[in-house]
Each structure stands twice: as structure tokens, then as C-alpha cells.
Amino acid sequence: MRILLIADVHANRAALDAVREPFDVCLCLGDLVEYGPEPGSCIEWVRQTATHSVRGNHDHGTAQDVEVQGLGGFRYLTQATRKPTLAKLSPDDRRYLNDLPTTSMFKLGGKRFLLVHATPRDPLDEYIPAEVEPWAVRLAGLQVDYVCVGHTHQPFVLDVNGIKVVNPGSVGLQRDGDPRARYAVIDGDDIQLKRVEYDVEKTVAAVRDCSLTDERAKGMLADVYKAGRMIHVTNGKNGTNGNGKH
């Protein structure tokens, strides 16, 4: 069984369309919306394509219209794009995001899977790097073969006491200086972390033409898409303003 694993689409349909991998089952690890210009289209793709999906922190924040404040970096972009994202979503889109589970456990091909956006301890928000020790604490007692996560936008595979922890990285918004879209394929016991070029300028043009009125945010997003990372300096820190996980 060939499994396509995607996460952190962030309303970037051009990047999502570049993932043309053959698969039997698609699993989605959340954060379909915000930052990017096409949230409704990305929701529709996931609804039609993914067999199992979970809710990300941005899906939750949008569905619940959670207020967010930020002076710089990705938190600022979250603040700038939340209301415009909501304005583009139908009531059915918003209901879909709100109804996504925070965790999903099931069997595929005889293997036990757990899907969460962040970690089993805190499915929406906890930010844990690709290190065995902190993951071992969070996986203790779990009777599964795979734990599939997103949130960090950093692809990795870890073997933690017999459990494979797989983060496919972000489809739609990179943070490591490589603008290509990320995803993963699980094919039997083989786990492949992949990246693919997409039409970045198409996404940049869509941002420029979208209803977002915050010109600063538009410029920041264009730079992130082109450079594959936040390049602005805000409050004396690299553009995350100390909040790089958002």
C-alpha cells in the first residue's frame, strides 16, 4: 500500500497541485488554511482526496475565529490573514474545519497509525524538534507503528522505541530556505521524504491579487514563498519575532 502524507498546506493550491505522486491512500495532518490565498480550494482538495485528516492549529483558529496578535514574523502573518481567510470560506468550509478530529487512529495495511498535527500530548500546538528523547516521553504507552505529525514545517523520520515518527514537512510554506513543496510517501516499510518544485510566482501573483489589504503582509508572504523562509528582521530578531512556530 502506497500512502501519501501531506501537512501544512496553508492555502497554497499551486504547491498542492505540484504533488502528483501515485498513491492508494492520502493522509492529511492539518493546517489547510491561513497565510496562502486559496483556502477554500485547498479544503475542497483535501475533502475529495484524503482518507483521514486531522485539525491543525490554524484550522482551529480560523474555524473558531480566535483572536491573535503579533508584531512580526509568522504570528503577524497569522493575524493579518485570519479575517481574510474567514471571508473566503463558506459556512460548509468552516464547519468542515471545525469538525476535523484532533487525533485519528486506525489501521492501514496491517499497521497501526496515529495522526496528530503537533504531538500526542498536545495535538494542536506543542512544538517538538526531531529528537528522540522528547518524542519518547510523548509516545510512552502508545501501541502504534506510525505516528504522523506536522506543525514544525521540518521533514523528518525518527525511530522511537519501535515507533516511526514521520513529519512530511510543509506543502505550502517553507522555513528552511528551500521553497519547494514537501510531502512524504510510505510504501510498505519504505518511508520517503520528498520535495517538488512548484510555480511559486503563481502563488505570489495570487497573494498580490487577493483581498488581503495589509500590504506589509503581502510583501512578507511573497518573500517567504520565493526564499523558502522568513527574511525580514523584526524587533532585532529574525522574522519569527521569537514566535517561529506559528
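## Surroundings of Cys42

Leaving out residues up to four places away in sequence, Cys42 touches Val9, Ala11, Asn12, Arg13, Leu16 and Leu32 (contact: heavy atoms within 4.5 Å). Cys42 lies in helix H2 (residues 39-49); helices are DSSP runs of H or I with at least four residues, numbered from the N terminus. Asn12 is 30 residues away along the chain, with 7.2 Å between its C-alpha atom and that of Cys42.

Cys42 counts as buried because its relative accessibility is 1% (buried: under 20% relative accessible area, 1.4 Å probe, protein chains only).

## Basis of the values

The model is predicted: local features need pLDDT of at least 70, side-chain atom pairs count only at pLDDT 80 or more, and totals for chains, interfaces and linings use all residues. Residues are numbered from 1 along each chain as its sequence is written, and side-chain values use heavy atoms, without hydrogens and water.

## Nonpolar cores

A nonpolar core is a set of buried Ala, Val, Leu, Ile, Met, Phe, Trp, Tyr and Cys residues joined through side-chain atoms within 4.5 Å. The largest has 45 residues, and Ile6, Leu32, Leu77, Leu97, Tyr198 and Tyr225 have the most contacts inside it. Helix H8 (residues 215-227) gives the most to this core, 6 residues. Another core, apart from it, has 17 residues, including Ile3, Ala7, Leu29 and Tyr146.

How values were computed. Buried < 20%, exposed > 50% of the residue type's maximum accessible area, 1.4 Å probe, protein only. Helix = DSSP H or I, 4+ residues; strand = E, 2+ residues; numbered from the N terminus.
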